[in-house]
Amino acid sequence: MSEAIARDLMAQRFRSYLPVVIDLETGGFNAQRDALLEIAAVTLTMDSDGNLLPDDTYSYHIQPFEGANVEQSALDFTGINLDDPLRKQVALSEADALGEIFKPIRKSVKAHNCSRAILVGHNAAFDHGFLNAASARCNVKRSPFHPFSSFDTATLAGFVYGQTVLARACRAAGIEFDNKAAHSARYDTERTAELFCTMVNRYKDLGGWRLAQQEQDLDIAE
């Protein structure tokens, strides 16, 4: 029964959209030209009290698409070594990586009675642009994500904590952040997921969502 309640609450919370946290590491800033090098996703779930929680993490190294540009400055920033034998052994093509990461997201959307996923990211427009460009290159017929709407944790953290840098926002929220582990898609996605859940739950605990929902129900009843 509690799982059914949690599914219904999740479907209500974001207008039937399931928030999924995404982080990408890339070979530059141009989504059409520069390579997608890493992708990670954290699906979210909800308990019967309406608390948002990280669920599962998925992450993949990606082979640059044919003709892709990779800026050395981007590699220096992320610490990615394209010649690492282990990386070459596990890296997937863009198409395979998207297929692997979209599959559990679609499953989670269905499990939570939602209609579609909505991207959550730190500076979400960047990740959304690269994800959409990769989906177009790979002829993905229907991405599980809303094509343009997203939740940006940089904006939300600026509002809640006065901090827009991920590491500083996490620390302001009481979340440990290891600068040495940063700029790995998996690590950044998991910290972003914690940050998003913390902010959403804090608003709920202050009476925001539940109060707004109750007022909406009263308006409908009247």
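Predicted model: local features only at pLDDT ≥ 70, side-chain atom pairs only at ≥ 80, totals over all residues.
Local features were taken only at pLDDT of at least 70 and side-chain atom pairs only at pLDDT 80 or more, while totals for chains, interfaces and linings use all residues. Residues are numbered from 1 along each chain as its sequence is written, and side-chain values use heavy atoms, leaving out hydrogens and water.

Cysteines come up first. A search of the whole structure turned up zero disulfides, a disulfide being a pair of cysteine sulfur atoms within 2.5 Å. For Cys114, the closest cysteine sulfur belongs to Cys197 and sits 14 Å off, so that is too far for a bond. Cys170 is in no disulfide either, with the sulfur of Cys197 again the nearest, at 12 Å. Cys114 has 11% relative accessibility, so it counts as buried (under 20% relative accessible area, with exposed over 50% and partly exposed in between, for a 1.4 Å probe and protein chains only). Cys170, at 0%, is buried as well.

Then there are helices α4 (residues 94–111) and α5 (residues 124–137), both DSSP runs of H or I with at least four residues, numbered from the N terminus. Their axes come within 9 Å and cross at roughly 115 degrees; axes here are lines fitted to C-alpha atoms over the stretch in contact, with angles from 0 to 180 degrees between N-to-C directions. That makes α4 roughly perpendicular to α5, the class for 65 to 115 degrees. In the contact (heavy atoms within 4.5 Å), α4 supplies Glu94, Leu98 and Phe102, and α5 supplies Leu131, Ala134, Ser135 and Arg137.

Note on methods: Helix = DSSP H or I, 4+ residues; strand = E, 2+ residues; numbered from the N terminus. Parallel < 35°, antiparallel > 145°, perpendicular 65-115°, else oblique.
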